[in-house]
Amino acid sequence: VCFCNPGACQWFLQLSNNDIRDQYAAGHICSDYNDLIDGLPTGAIRVSFGYMTRKEDVDKIISMIRECYLASYEERLQHMDIDKLPKALKHIPEKLKPQLKEICIYPLKSCAAFKITGSWPLSVTGFLYDRCWMIVNAAGMPITQKHETRLCLIKPIINQQRGVMEITFPNMRSVYVNLEIESEQINTVNTSLCQSKVCDDLVSGYDCGDEVAFWL
């Protein structure tokens, strides 16, 4: 609720005028059960103190806040009588349970994440393709965001069905890298073994070729 003062509520929640319009367009009305819309709060709870307020009243509201909002989800479920919840709130207990929504891997070291919302294979080193590639300079040393901040705009996209990783950058055509190097490719002239260093550890890898090098 916005305690009968939408302007004060908007100021307190730091919502823009467009946020308020979007919430109204989404069907939000006063006293409904929509606490969040697009990740933004729709209201707040005001506690009023007056002449007749006792210390016990203050202790009770503090206890309620501690039990309902600061406790772990297991503790909150213990205080909740699920059978007595109105139909519109039946989903609350399930929402209190931790849920894994996505996993982020970083196929290309120091570049943007590739987000996974479903299952994903594991390898002996962790998530498959996580930090399997890196960009190096002419001396073979890895380039990181510490010196090249725009690396965060390079976004890798893993396409397991096609067996390729698409590398994108704003306003540029994509370039593609094979996820696996075929055994016959390893012996070709265009594929050479490279030596580099990551966190004081010496590592070896294969050059992905001139096309991606020119793109970078």
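Arg54 is exposed, with a relative accessible area of 51%, where exposed denotes over 50% relative accessible area, buried under 20% and partly exposed the range in between (1.4 Å probe, protein chains only). The model is predicted, so that local features require pLDDT of at least 70 and side-chain atom pairs count only at pLDDT 80 or more, whereas totals for chains, interfaces and linings use all residues. Residues are numbered from 1 along each chain as its sequence is written, and side-chain values use heavy atoms, with hydrogens and water left out.

The side chain of Arg54 meets that of Asp57 in a salt bridge, with an N to O distance of 3.6 Å; the term requires a side-chain nitrogen of Lys or Arg within 4 Å of a carboxyl oxygen of Asp or Glu. Asp57 is partly exposed, its relative accessible area being 33%. By this rule, three salt bridges are counted. Another joins Asp59 to Lys55, whose closest N and O atoms are 2.8 Å apart. Because these two residues, Asp59 and Lys55, stand four residues apart in helix α3 (residues 55-70), about one helical turn separates them; helices (H or I, at least four residues) and strands (E, at least two) are DSSP runs numbered from the N terminus. Lys55 is exposed at 61% relative accessibility, while Asp59, at 37%, is partly exposed. A salt bridge also links Arg131 with Asp130, the closest N and O atoms lying 3.1 Å apart. Here Arg131 is exposed, with a relative accessible area of 52%, and Asp130 is partly exposed, with 23%.

In soluble globular proteins, nonpolar side chains tend to be buried together. The largest nonpolar core of the model holds 21 residues, of which Leu108, Trp120, Trp133, Ile154, Ile158, Met165 and Ile167 touch the most other members; such a core is a set of buried Ala, Val, Leu, Ile, Met, Phe, Trp, Tyr and Cys residues joined through side-chain atoms within 4.5 Å. At least two residues of this core come from each of β3 (103-105), β4 (114-116), β8 (164-168), β9 (175-178) and α7 (210-215). Beyond its neighbours within four places in sequence, Trp120 is in contact with Ile105, Phe114, Phe127, Leu128, Tyr129, Ile158 and Gln160, contact meaning heavy atoms within 4.5 Å.

Gly163 is located in the loop between β7 (155-159) and β8 and is partly exposed, at 26% relative accessibility. When residues up to four places away in sequence are not counted, Gly163 touches Val177, Asn178 and Leu179. The C-alpha atoms of Gly163 and Glu180 are separated by 7.3 Å, although these residues are 17 residues apart along the chain.
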